[in-house]
Amino acid sequence: MYQWRKFEFFEEKKTKIPEEIEGKIQCCSSGRGRIVLGSEDGTVSLLDRGLQLQYSFPAHFSVLFLQQLKQRNFLVTVGEDEQMPPQKAATCLKVFDLDKRQEEGSSAASPECVQILRIFTNQFPEAKITSFVVFEEAPPIIFIALGLENGCIYCIQGDFARERIKRFKLEVHSGQSVIKHSPITGLGFRVDGQAFQLFAVAPNSVSLFNLQSQTPTAQTLDHIGSETASVAMNDRLELIIGRTEAVYFYEVDGRGPCWAFEGEKKLLGWFRGYLLCVIADQRTGKNTFNVYDLKNRLIAHSIVVQEISHMLCEWGNILLIMADKSALFIVEKDMESKLDMLFKKNLYPVAINLVKSQQADTAATADVLRKYGDHLYSKQNYDEAMAQYIHTIGHLEPSYVIQKFLDAQRIYNLTNYLEKLHEKGLASKDHTTLLLNCYTKQKDVEKLNIFIKSEDGVGEHKFDVETAIRVCRAANYHEHAMYVAKKAGRHEWYLKILLEDLDRYDEALEYINSLEPSQAGVTVEEYGKILIEHKPKETIQILMRLCTEEGEPAKRGSSNITFLSMLPSPVDFINIFVHHPQSLMEFLEKYTNKVKDSPAQVEIHNTLLELYLSHDLDFPSLSQSVDKENDDLRADREPHSALLSRAESNGKIISDDAAEKDRLERRQKGLLLLKSAWPSEQEQPLYDVDLAIILCEMNSFNEALLYLYEKLKLYKEVIACYMQSHDHEGLIACCKRLGDSGKGGDRSLWVDLLKYFGELGEDCSKEVKEVLTYIERDDILPPIIVLQTLSRNPCLSLSVIKDYIARNLEHESKLIEGDRLAIEKYQEETLAMRKEIQDLRTNARIFQLSKCTACTFTLDLPAVHFMCMHSFHQRCLGDNEKECPECAPEYRAVLDLKRNLEQNSKNQDYFFQQVKTSKDGFSVIAEYFGKGIISKTSKGPAEAPRPTNDYSNGNF
C-alpha cells in the first residue's frame, strides 16, 4: 500500500447538515437526486443537492434503517414505534409514497404511508436488527432482507401497496448449533440474468443464498466474516469485506482477490470503479478516507477526517457525513485536469491506464498515447515511441508520425508503422508508395514477398494496387508488379510490364488469349500497336478470334446478325494498325472472307477501299487523327526517307517494280470490291459512295470512277471522263450505251457530245457524222440547232452535214405535203357538216321507216321519230324519250372528250410535263391551240350544251 503513488484526483467541498435536523442521524440513503436522513427522534428529512432541507416528517418513534428506492419514488423505513397501552417498543416496517403528500406546501407535510408491517410475529421472533437491504424487482415487487443479531435473515417479498406479501426466513447456521453473538453484519443482493442471490456476512462466515428456487439454498463461501459493518457491493456484483489486515472480494464461487490495506476498516464503498475506504489508524487515533484505483494501483485521493458516521454517493459525488453533522463533498476532477497532473510528472503509463480504465473515448486515449510517444521520441527511445504511435493509428494523422521517422537510420521503425497502417486498411496511395520504397531501399525481398503475396483472394489487398504496381515497376521488381497486377485483375498493367519493360511478346499474346473476350478486346485496343509491330500474324489471329468468336459455335443463337452485334467490331481495332496498313489490309480481308453480314461492313469496306486505292498503301486520314503529335517529326524528314518509309511493309523494303505490281493488284481488288459490294438488287452500296468517288479521283482510278458514275446514273460525269481523256471512240460507244431513251438512257448526252465536237477545234468529221446519224434517228435536235452548234468548229466543212441537211429537207417536204392533204380533207368534211346543218334548219324531214330500230317489228303507234332518221316504238324507249338510243353513246363520248379537254386546260402541271417529255414541244402547244383549249376564254360559267335533236322528236 505504501508503495502506491498518491494523487489528488478529487477535491473537497465542506458543508454541513441543516440545523433543523436536531436528533442524532441514525441512518441515511440516497437516490432520485436527494439525500434521505433518519434521526434518532423518528424524523425523516429529505435534502436537495445543496443539502438544503426540502421537508421532514415523523416516521417512527426512532428510525433504525431506511432505503430510497430508485425505480419508484418510494421510501422504505424500519423503526421502533410506541404501543398503546404502553408496553415495550415494537419494530415496524413502513413504505411511504413520496409523490403523495398529505399537506401540500407545508414543510412538515407527511407523505402517504402505503403500508405498515409488523416485522416480528410469533413465527418470526423478535431480535435486534443488525443489517438492512432492499432490492427492487420488477415493479411493484420489492424484496427486503433484514439481518438479525441471532444470525437469521427475515425476508419480506411482494407488492406492499396491495398487501400481497410473503415472508420467509433464512438461517446462516442451518444444521449447526446456534453460536451466540453471531449477528448478520452485512447483506448484498446479486442479480445476474436469471440468477437471484443474496450475500450474507457474519463474524465467522460468508454465505450465499440462491433465491430463484422455491426453497432457497445456502452456500458457504468463507468461514471468516466481518465483525463490523464494513461491507459493500461493487458494480461487478462482487461482495467487498473490509478486515483489519486487508480488503477481500467475493464472487459466487468463493473468495477472490484481496488488497492488503492495513488498519481497521470502519466504512467501505464503491464509486465509479474506485474503492472507498475509511480506515482508523490505531497508532495515531485518526481516521483516513482513501479513494483507491485498484486497476491502476494508485491512490486517487486521501484525506484525514474526523469521525465519519455515514458515507453516500449521489449526483456523481461522494458525501461524507461526520458525527458532528458536518459534511464533506468529495468531487472528482475532470479527465483533462487529471491528465495534466500526470503529464507534468511524466507519468504517461499511468495516464494511459487511467483513460483506459475510465472508458474514455478512443480519441482521448490516442491523444495520451501521442504525448507519450512524443516524450519517448524526445528521449531518443525510438522503438518504444513507435510502439505508442502504432496504437494511435486511426486517430492520429499518419503524416505526423511519418515525418519524424523519415531519416534513413529510422527506416525500420517507419516500415513497422506503415505495415500496421496497411493491416488496418487505413493506408493511402502515398503510404503504399513509401512502404514499398522502404522495402526496396532495404532490399528486403522477403518482407516484400509477404506484403505482396500474403493475401489469398482477389480484391482483398490492404493497399492500393496501382500504386504497388507502379513502385515495384520503378524499382525493377517486375515479377512482384506482375504478380499484383495479375492477382488484382489489372490486365492493362500486366501487359504494360510484359511489353514495355520485358519485351516478352509471346507471353503477352498467351495471356491475352487466356482472358475473357471483353477483357481481351480492351487490352488489344490499348497495346495492339506494340503487338502488331512485333507479332503481326499472331495479333491478327487474336483479333479474328475476338471478332468472329472462332471455336465457340455454341454461343451462336438463331440469328447470326444478333450474334455478330454482340462481338467486338474490327472498326474498334483499326487504330492499332496506324503504322502497319499492310497488316490491316490482311486482317480486314480475312474478316470479310469469313463474315459476310457484319453490322460494320460499311465501315470495313470504306477502310479497305482506302487501302486498295491509295497509291502508296497509306491512309492519311487515319494517320493524322491518331498520330497527330508526330506530324512535325515526319515533316522534318527528307522526302526520300519518307517515300522509303511509306513503301516499307512489315519491315521489308520492296522495289519499285514490285510496288507498282502491288498497286495494280490492289486496284483490281478495289474495283472488285466496288462491284461486289453493290449488288444490282440494292439501291445503295455497302460502302460510302461519296468516299469511294473521292478516293478514285484522288488516285486517278478512272475505271472505278466510271463504274460508280454509271451506277449512280450520273451519265454526264461519265462522258466528261471520256472527254477529258479525248477518247472519242469510247465516248461515242458510251453515248450509244447510255443515250438510248428506250432503255432508260439520257438522250441529252448526244446533245453534249455534239457540243463537245463543235467546240473541239480539230477535224472530227467521222465522229460528227456518226453522231448526226443517232441525232437524226431519234429526232433529238432540230437541224438549225445542229448547224449552229457545228459552226463553232472551224475545222469542219459543209460536206460533213450536207447529206444530213438534204435528208432533213426532204423529210420536212413530205411532212408539209401530208399536212396540206389533211387540211383539204378537213375542209371538205367541215363544208359537208355545215351544209347538213343548214338543211336541217331550213327543210323538212320525211320519216319513211316502217320498222322499229330497236325491236325490228312493224312500226305502229304510238311511235317516236328522231332527227337522226331513227324511229322507235314508244314502249321500246322506256322512260328516256329525249335522245336516240343508237346515237346517244357517240354523242356522249364527244361531250366527255370536250369536258376533259376543258379540265386539262386548267391542269398546268400536266401541260408542262407533256411539253417536257415530248420530242417536239412545239407540236404539243400547237395541238392545244388546235383543240381550242388555250385560245378559248369564258366570262362566266359554261352552260351544259343541249342536244341538237331533242327538239325535233315527236310523238305520233
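Guide: Axes here are lines fitted to C-alpha atoms, for helices over the stretch in contact, and the angles run from 0 to 180 degrees between N-to-C directions. Please keep in mind that this is a predicted model.

Visitor: Good. At what angle do the axes of helix 25 and helix 26 cross?

Guide: The axes of helix 25 (residues 728-738) and helix 26 (residues 748-758) cross at roughly 160° and come within 10 Å. Since angles over 145 degrees count as roughly antiparallel, helix 25 and helix 26 are therefore roughly antiparallel to each other.

Visitor: Left-handed or right-handed, that crossing of helix 25 and helix 26?

Guide: The crossing of helix 25 and helix 26 is left-handed.

Visitor: And which residues meet there, between helix 25 and helix 26?

Guide: On the side of helix 25 they are His728, Leu731, Ile732, Cys735, Lys736 and Leu738, and these meet Leu749, Trp750, Leu753, Tyr756 and Phe757 in helix 26.

Visitor: Let's step back a moment. How many helices and strands are in the protein chain?

Guide: The protein chain has 33 helices and 34 strands. Of its 956 residues, 44% count as buried, and among contacts between residues at least 6 apart in sequence, 48% join residues at least 24 apart.

Visitor: Back to helices, then. Why is helix 9 described as largely enclosed?

Guide: Helix 9 (residues 465-474) has seven of its ten residues buried, so the rest of the structure largely encloses it. Those buried residues are Val465, Thr467, Ala468, Ile469, Val471, Cys472 and Arg473.

Visitor: What do the buried residues of helix 9 pack against?

Guide: They pack against helix 7 (429-442), helix 8 (445-453), helix 10 (478-487) and helix 11 (491-501). For one of these partners, helix 7, the packing angle with helix 9 is about 30° and the axes are 9 Å apart. The contact is made by Lys429, Thr432, Thr433, Leu436 and Asn437 of helix 7, together with Thr467, Ala468, Arg470, Val471 and Cys472 of helix 9. The crossing of helix 7 and helix 9 is right-handed.

Visitor: Which residue just after helix 9 takes a positive phi?

Guide: That is Asn476, which has a positive phi of about 65° just after helix 9.

Visitor: Switching to strands: how many residues of strand 24 are buried?

Guide: Seven of the eight residues of strand 24 (residues 274-281) are buried, so strand 24 is largely enclosed by the rest of the structure. Strand 24 pairs in the antiparallel sense with strand 23 (residues 264-271) over seven bridges, and seven bridges also join strand 24 to strand 25 (residues 286-293), again running antiparallel.

Visitor: Which residues stand opposite each other in those pairings?

Guide: Phe271 stands opposite Tyr274 in strand 24, while Val278 stands opposite Phe289 in strand 25.

Visitor: What about the turns?

Guide: Strand 23 and strand 24 form a hairpin with two residues between them, and Arg272 in that turn has a positive phi of about 50°. The hairpin of strand 24 and strand 25 has four residues between the strands, and there Gly285 takes a positive phi near 75°.

Visitor: In what order do the four strands of the open sheet come?

Guide: The order is 11-12-13-14, with antiparallel pairing. The edge strands, strand 11 (129-136) and strand 14 (164-171), each pair on one side only, and the twist averages 15° from one strand to the next. Strand 12 (residues 142-148) and strand 13 (residues 152-159) pair over six bridges in the antiparallel sense, and Ile142 stands opposite Gly158 in strand 13.

Visitor: Now some loops. Is Asn73 buried or exposed?

Guide: Asn73 is buried, with a relative accessible area of 7%, and is found in the loop between strand 7 (62-68) and strand 8 (74-81). A polar contact of 2.8 Å joins the side chains of Asn73 and Arg34. Leaving aside neighbours within four places in sequence, Asn73 contacts Arg32, Arg34, Gln68, Phe96, Asp97, Leu98 and Asp99.

Visitor: And where is Asn699?

Guide: Asn699 lies in the loop between helix 22 (689-698) and helix 23 (702-711). With the cut-off for buried being under 20%, Asn699 counts as buried at 16% relative accessibility. A polar atom of the Asn699 side chain lies 3.2 Å from the backbone oxygen of Leu613. Not counting residues up to four places away in sequence, Asn699 touches Leu613, Ser614, His615 and Arg667.

Note on methods: Residues are numbered from 1 along each chain as its sequence is written. This is a predicted model: local features need pLDDT of at least 70, side-chain atom pairs count only at pLDDT 80 or more; totals for chains, interfaces and linings use all residues. Side-chain values use heavy atoms; hydrogens and water are left out. Buried means under 20% relative accessible area, exposed over 50%, partly exposed in between (1.4 Å probe, protein chains only). Two strands pair if DSSP finds at least two bridges between them. A polar contact is a pair of N or O atoms within 3.5 Å; within protein, one must be able to donate a hydrogen and the other to accept it, and residues adjacent in sequence count only if both atoms are side-chain atoms. Contact means heavy atoms within 4.5 Å. Angles under 35 degrees count as roughly parallel, over 145 as roughly antiparallel, 65 to 115 as roughly perpendicular and the rest as oblique. A crossing is left-handed if the near helix is turned anticlockwise from the far one by less than a right angle, and right-handed if clockwise.
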